[in-house]
Amino acid sequence: MPLRRTAPPPWVIDRRRLLGQRIAHHRRTAGLSQEELGDRIGVERRTIQRYEAGSRDPRYTDLLLVAAVLDVDLADLVRGEDPPARVSP
């Protein structure tokens, strides 16, 4: 796949990070590990890790599968409220 000619604007990077945080939040709420979520949607654990870190854009098909496995509406996953801040133990 060819590389993008220009870097995405900062607001796109921010939205991608928020999407990753939402995926992580809903995955934890469902009691799944990254490995388990990856197995259920047919991708490697590292792919889930990259989605959650905001370093990779999920494909549309993967987003549909993630939403289905986590029992969350796709719209809520993509543009829902920000997940609660994680509190360090």
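Which helices do the buried residues of α2 pack against? They pack against α1, α3 and α4, and the close-ups below take a look at that. This is a predicted model, where local features need pLDDT of at least 70 and side-chain atom pairs count only at pLDDT 80 or more, while totals for chains, interfaces and linings use all residues. Residues are numbered from 1 along each chain as its sequence is written, and side-chain values use heavy atoms, with hydrogens and water left out.

View 1. Helix α2 covers residues 34-41 (helices are DSSP runs of H or I, at least four residues, numbered from the N terminus). Its buried residues are Q34, L37, G38 and I41 (buried means under 20% relative accessible area and exposed over 50%, with a 1.4 Å probe and protein chains only). They sit on the same side of α2 because they cover an arc of only 100° around the axis (the arc is that of the directions from the helix axis to the C-beta atoms). Over on the other side, D39 and R40 are exposed. After α2 comes G42, with a positive phi near 85°.

**View 2. A close look at Q34.** Q34 belongs to α2 and is buried, its relative accessible area being 18%. Leaving aside residues up to four places away in sequence, Q34 touches R27, R45, I48, Q49 and E52 (contact means heavy atoms within 4.5 Å). From Q34 to R46 it is 12 residues in sequence and 8.1 Å in space, C-alpha to C-alpha.

**View 3. Where α2 meets α4.** Two packed helices are described by the angle between their axes and the distance between the axes. For α2 and helix α4 (residues 60-69), that angle is about 115° and the axes are 10 Å apart (axes are lines fitted to C-alpha atoms, for helices over the stretch in contact, and angles run from 0 to 180 degrees between N-to-C directions). On the α2 side, L37, R40 and I41 take part, meeting D62, L65, V66 and V69 in α4. By class, this contact of α2 with α4 has 5 nonpolar, no polar and 2 charged residues (Ala, Val, Leu, Ile, Met, Phe, Trp, Tyr, Cys and Pro count as nonpolar, Asp, Glu, Lys and Arg as charged, and the others, Gly among them, as polar).

**View 4. The buried side of α3.** Helix α3 takes in residues 45-53, and T47, I48, Y51 and E52 in it are buried. These residues lie on the same side of α3, because their arc around the axis is only 135°. Their cover includes α1 (10-29), α2 and α4. Next after α3 is G54, whose phi is positive, near 80°.

Technical notes: Helix = DSSP H or I, 4+ residues; strand = E, 2+ residues; numbered from the N terminus.
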